[in-house]
Amino acid sequence: MRVLACLLAVLGLATPALAQDGGPLYAQYCARCHDGGLPRAPQRLALSQLTPERIVAALETGTMRTQGAERTAAERRALAAFLSGKAIGETPAPPPLKMCASPAPPAPGGARPAPAGAAGASNWFGWGLSLANDRFQRASNLKAADVSKLKVKWAFAFAGDASAAVQPSVVGDRVFVGSVPGRIYSLSLRDGCAYWTFDADAMVRTSIEVGDAGGSNAAFFGDVAANVYAVDVATGKLRWKRKVDPHVVARVTGTPKLYRGRLYVPVSSIEEVIGAQPAYSCCTFRGSVVALDAGTGEVAWKTFVIPEAPTPRRQNKNGTQLFGPSGAAIWSSPTIDERTGALYVATGDSYSDPPADTSDAIMALDLQTGAIKWWQQMTKGDAYNLACGAADPTNCPDSRGPDVDFGSPPILVTLASGKRALVIGQKSAVVHAVDPDEDGKILWSTRIGRGGALGGVEWGSAADAENIYVPLSDIAFTQAGLDVNGMTPNADVGGGLFALRLSDGKQSWRAVPPGCGGR
């Protein structure tokens, strides 16, 4: 999964002298990743398209804050000037945010439909919509024939940002969405004006969960510094903030799930990225779920999905001590089973030797205590970090991947027979169904593509009463006419959308990519 690897060094007031000073810094600290063909590391040409402000933000509060912390403020400014060719302040300021003229309407509460499928409110919030994470909008009157008639009502720009990576939440007549710099917006569903904004400490990759926080409604979300927040829905004021993991590269990317006064938070990391450095003692992070009191933010329980704590294992060829087991990050939102009082998550790969038994697995935890009830591992021995694809593979584990972790949550469904199942796609390009009532017994597994580190099923599927709808990546690249990312997607190779029957995993239909016309 991991976000776009080694993103870089830092920022500040740029001058020609600073830009010149940034060249040696880049060569010493950055070129190994960004000019060395490291998987998912943007090449220098891509970085040059960013503003110096964004490079600084990446190094101070974003993806590369760990690497940025190793450089001084002046060095970060020099690197930003060298990469962007611009001084801080040279980029034109974005237009001012359009604020709403009237106060925010009464704070809405999240009305979440039950997994069984009864008609519910038209809200769309959190990540999977229902507790089952099925992403099925039961209240919609939209028909396939209506799609061509849709028109743009309004558009909201994340002014000054290079990308947007968060699913908006709609509750009542409000829209809540986070941004790469960590700003949360409360917008009017009517015209897109902003009622309020809130600035988190770091980049926000989660969606916004909305619901009761001890008597009044709050918006809940996490950031890439492993902080979780509760913000008052009416005013945007901070109610509480909680650090859920002290590891230097821990983060929250899966949307927390609110249920009966508790907020269930999945924890992931980018240690798989920095673990590639030969001087780094890879690796000590373990994925976890943290249950917080929704009203106060106090920790009710925390469960590591690798029960065994990392211990020294061996030294690499440079004499650096290596640790394990590690990894099994949880990248996606938990799934709640009201019938059995269980919480389901899907884990990522291991980062170091020995590979953990609970990596690349579907797991069940007790909602009240956090105790692990069962797990079903789908790919054994998958230990991987970015050293495995780098010019210097010193820290690559013995198994060398294949890096086919889970990036999306299991969906809890009820089959026509009355039997229940958890269905989920994996980066291996295999879609699985397991029985939650028989300790994760495998019901079926269906391959839909090649899979791989950037292939297979990366993110979320959806399900109704008959099918699971699965998006396949399986992207391929060509070296001809490299684009600014250093790789050009091959327009003749792609994944598409698959509908598989819930009952047996057989394909109902497939929608192939429409083609990009060489773009």
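Reader: How do β22 and β23 pair, and over how many bridges?
Author: Strand β22, residues 430-435, pairs with β23 in the antiparallel sense over six bridges. Strands here are DSSP runs (E, at least two residues), helices likewise (H or I, at least four), each numbered from the N terminus. Two strands count as paired if DSSP finds at least two bridges between them. This is a predicted model, where local features need pLDDT of at least 70, side-chain atom pairs count only at pLDDT 80 or more, and totals for chains, interfaces and linings use all residues. Residues are numbered from 1 along each chain as its sequence is written, and side-chain values use heavy atoms, with hydrogens and water left out.
Reader: Ok, which residue is the bridge partner of H432?
Author: That's S445, in β23.
Reader: And what order do the strands of that open sheet come in?
Author: The order is β20-β21-β22-β23, four strands with antiparallel pairing. β20 (411-414) and β23 (441-447) each have a single partner strand, so one side of each has no neighbour in the sheet.
Reader: Switching to α4: which of its residues are buried?
Author: In helix α4 (residues 52-60) they are P52, I55, V56, A58 and L59. Buried means under 20% relative accessible area, exposed over 50%, partly exposed in between (1.4 Å probe, protein chains only).
Reader: What do those buried residues pack against?
Author: They pack against α3 (44-47), α5 (65-68) and α6 (73-84), with contact meaning heavy atoms within 4.5 Å.
Reader: Last one, where is S473?
Author: S473 sits in the loop between β25 (467-472) and β26 (477-478). S473 is partly exposed, at 24% relative accessible area.
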